[in-house]
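This report goes through a few local features of one protein model. The sequence and structure come first, and the notes follow.

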Amino acid sequence: MSIEKTASFINKYKLNGDLYDWDALLDLFLKDMEKGLQKERSSLRMLPSHFKLGKQIKSDTSAALVDAGGTNLRIALARIDENTECVIEDFESFPIPGSHGEIDKNDFFAEIAGKVKKHLRSAKILSMSIAHPVDIVSQNKVRLIKLVKELQVNGSEGCDIYAEMTKALAARGCNGIRMHIANDSISTAMAGFRDSIEGGFDACIGVIVGTGTNACYPEHCTNIRDIAGPGRMLINIECANFDKLPVGAIDESFIASTDDPSSNRLEKIVSGAYFAPLCIEILNTARKEGIIMFDDNVLRGSGNADIAEFIKKGGRLWNAFVDEQSRQSAGLIIENVIMRAANIVALELAAASLKSAGSGKSVLATMEGSLYYRMPGLRQRVEQLTKTWIKQKLDIQIELKGYENAVLLGSAYTASME
């Protein structure tokens, strides 16, 4: 099967990112951001963190940390030293409760409390980050809008995370604990806060491309409905739900097959929880249309690591295709899906940078997430787009920076500033 027919397949199903008008999509994204800030009907929730920038990181502080992600539950103890350097200690990682079968809300919070309990003997502050949309009513009332990324936790939707964690900790003898709870996009942005101040950047933002995708940026409080006073507050955009991207028929079919087809449409074509299943759906369609031939038993159940190894011309998938032409065509198809994902990440970066700083300014962007760092070509394409589209056309200087355990680091800095 010729490469020309493969290219025609790619264009037919809108897998080629170059077919999209990213300038027009950026305008639509920014308009949805504005509507969300004013609590008008919008695909972007624009959730205020109630955490204002301008405070100083306090030295000689400690906090117990929880990163309740889409795939993993990470627990650690953080200490901020006399130079405001953060030291992460006793790091542990577990599967996030609810990712391997249905559980009850009480069991979800009980497991988290049980894991973090030991760190609360030396720290009286718990800084918790959660990779799901939350409505922060106040520091003592944090409503979980819903668990996403296919987690199954009965009774969790709408619950008060602060109250549930307080109850679960009290049941384990941990009383009088101060808590700070935030979405993981907030913590990701805060990971770069110290460096953004020292480096003289106009703003720091956070972008996540892991199990899910999201971004956070600082917004002037005067632009946020129902938020009073001066200063800037970190906003959780909830990028995953952006619904203006004109995807193709295979994307639509895949989205329809997920647990909640009406929500998080963007996330389902760019993030780690869905990336490999989407690629398999696309390859299955290519086989039905005679573009490629492969062993279905090998392809079935493949994950992101298998896709990454195939792109590097190795792994179990390499031999799943019956001939070299099929390998070349499959590689071209997947590379286009990766490049399109990179364009979407650049869209999130551009929107957050324009809103936080504007043209002619500089932004430090903390990049977090397993897919971003592990999927071949994704990071490199995003870096290229920051130098071409974002810098040359939008006139914004962005430095992309990664931190080890960025979410935990940002959680630690946030706790020290409360």
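## Cysteines, a strand pair and a buried glutamate

Cys174 counts as buried, because its relative accessibility is 11%. The model is predicted, and it holds 0 disulfides. For Cys174, the closest cysteine sulfur is that of Cys159, 19 Å away, which is too far for a bond. Cys204 is in no disulfide either, and its nearest cysteine sulfur belongs to Cys216, at 7.7 Å. Cys204 is buried, because its relative accessible area is 3%. A disulfide would need the two sulfur atoms within 2.5 Å.

| Cysteine | Nearest cysteine sulfur | Distance |
|---|---|---|
| Cys174 | Cys159 | 19 Å |
| Cys204 | Cys216 | 7.7 Å |

Next comes a pair of strands. Strand S6, residues 125-130, runs parallel to S10, and 6 bridges join the two. Within this pair, Ile125 stands opposite Arg178 in S10. In a regular strand, side chains alternate between the two faces of the sheet.

Another strand, S14, spans residues 362-368 and contains Glu368. Leaving aside residues up to four places away in sequence, Glu368 touches Thr188, Val207, Ile208, Val209, Gly210, Tyr373, Tyr403, Ala406 and Val407.

Technical notes: Residues are numbered from 1 along each chain as its sequence is written. This is a predicted model: local features need pLDDT of at least 70, side-chain atom pairs count only at pLDDT 80 or more; totals for chains, interfaces and linings use all residues. Side-chain values use heavy atoms; hydrogens and water are left out. Two strands pair if DSSP finds at least two bridges between them. Helices (H or I, at least four residues) and strands (E, at least two) are DSSP runs, numbered from the N terminus. Contact means heavy atoms within 4.5 Å. Buried means under 20% relative accessible area, exposed over 50%, partly exposed in between (1.4 Å probe, protein chains only).
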